[in-house]
Amino acid sequence: MANLRRSLVINFLSSSGATIVQFLASIVLARMLSPSEIGVFSMTVVFVNIAHIFRDFGVVSYLQREPELTPEKMRAATGVLFSTSWLVATALYLSSDWISVWFKEPAMVPVMKVLAAGFLFIPFGAITHSLLTREYEAGKQAIVTVVGTSTFVVTCLGLAALGFGTMSMAWANLTNIIACAIAYVPFRPKYLPWMPSFRNWRTVIHFGAGNLLSNCLGAINNGLPDILLGKLGNAGLVGLFSRASSTVSIFTYVAGSTVSYGSLSYISQAHHRGEPLGPLLNRATALVTGVGWPALGLTYVLGREIILALYGEKWLGAVPAINALVIGSMIAMMFNYTPIAMTAIGRPYLSAVPMVATLLTRIAFGVVLFDGRIESFSWVICIASIASAPVMIIQHRVYLHHRFSTMLIALWPSALVTLSCVAAAWLLKIVLPSSLPAMTTLLILAAPLASVWYLAIRLTGHPLAAELHSMASGLRARFA
């Protein structure tokens, strides 16, 4: 637990720092590119994200979950990963013309071909990254994060300034992958064999097949809004919706991978020791919602100000989508660790069931309810999140032996903290003059709302208070 806490702190500092830098870069980029240019990249990257699932084929999860890793198992995992990555790169490159014809968007072709090239280089660092996560070596991963983020931002903004448009994001993605692969070389574990192999590949394939289905459906679900909106609407609507989603997901961006860092390995170890997973899931979800729910609540109240401050007036069309996306995200956050827990107990395919419910709901209601307005489409996404919740509640009871009612009790302090922050934001927003610039309003509200949040977690006895005090004591001891 001590190693995990230390790694979580390091991971949070590195991932949140990288996310903030990328987020600031996206703000600058939003003022350099048009909604249509960003929309083309969003539509293209949907297929690339789905392809990443086939490229990974569950190898990353396999390396983190396997109780005992032998050289043969690692060589087999390496062989599978290189094979799937290069096959997917070829398929993505060859299908780029067909996908652009289907969307009637020829600008997608060069973007997809450049992104496909990145799959050739990903395996060189992916195995090392997985083993470092298994061993909670967040410090080494942080160095690679700095290298990759710096490369991405410099390349992206530089090419955008030179007039590369949508391609600036595609080339930045490729250079980021190559830079990270090179940066992982010094941190390669000594026990990791250099040569891949296909012996014992059946074990990797068996686990990967179960993991592949749920991960693939997850990627499709994540990308479906852009696909549906791109088909039913246009690239401009996709660009606006992506900005609304980005605004609602600010907490996820800032927290980065810290929310789930090492969770698969940690839950797997607890499962192998025969420990009940219910209390572990309750506490982990309470910690996440203690920060995530208030952040979403404040986005609900201050969505217009955030859009104006970050992206400018030309993106105000994204504001109507925020409210429904906030509600859907709050529901989804309660089940953040459910797919991870299913993988940890050796049943990753079970995560596919709620994803199918979400997928079918999004498609059906998207076709029926979408009336050309971005607001109606955002409610489709919210309804889909609600539809999948009962399925996951049943899975908790049957496979994790966990009553969801105990989680609701554990999340009650998070709900009180969220209500306190939302009420304070409404009152302060009413008091402040409406003529103030959006950024000024947000800066004025930052300190009072942070104080309200901290006071609320203290008064409600939220487990976050103990974690924050423990972290502060550790920092004081180190400085001393």
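Student: Which residues does Thr128 touch, not counting residues up to four places away in sequence?

Tutor: Thr128 touches Tyr184, Phe187, Arg188, Pro189 and Leu192 once residues up to four places away are set aside, where contact means heavy atoms within 4.5 Å. This is a predicted model, in which local features need pLDDT of at least 70 and side-chain atom pairs count only at pLDDT 80 or more, while totals for chains, interfaces and linings use all residues. Residues are numbered from 1 along each chain as its sequence is written, and side-chain values use heavy atoms, with hydrogens and water left out.

Student: Is Thr128 buried or exposed, then?

Tutor: Thr128 has a relative accessible area of 2%, so Thr128 is buried (buried is under 20%, exposed over 50% and partly exposed in between, with a 1.4 Å probe and protein chains only). Thr128 lies in helix H6, a helix being a DSSP run of H or I with at least four residues, numbered from the N terminus.

Student: And what about Ser130, which helix is that in?

Tutor: Ser130 also belongs to H6 and is buried, at 1% relative accessible area. Beyond its neighbours within four places in sequence, Ser130 is in contact with Val60, Leu63 and Gln64.

Student: What does H6 supply to the second largest pocket?

Tutor: H6 gives 4 residues, the largest share of the lining, and H4 (71-103) also supplies at least two. The lining has 13 residues, with Phe82, Pro123, Phe124, Arg188 and Trp194 nearest the pocket's centre. A pocket here is an open set of points on a 1 Å grid over the protein atoms alone where a 1.4 Å probe fits, with protein on both sides within 12 Å along at least five of seven lines, and lining residues have an atom within 4 Å of a point.

Student: Switching topic, how do H5 and H8 sit relative to each other?

Tutor: The axes of H5 (residues 108-117) and H8 (residues 167-183) come within 8 Å and cross at roughly 5°, so the two helices are roughly parallel (angles under 35 degrees). Axes are lines fitted to C-alpha atoms over the stretch in contact, with angles from 0 to 180 degrees between N-to-C directions. Residues making the contact include Val111 and Leu115 of H5 and Trp171 and Leu174 of H8.

Student: Last one, is Ile409 buried or exposed?

Tutor: Ile409, in helix H18 (residues 404-431), counts as exposed at 64% relative accessibility.

Methods
Angles under 35 degrees count as roughly parallel, over 145 as roughly antiparallel, 65 to 115 as roughly perpendicular and the rest as oblique.
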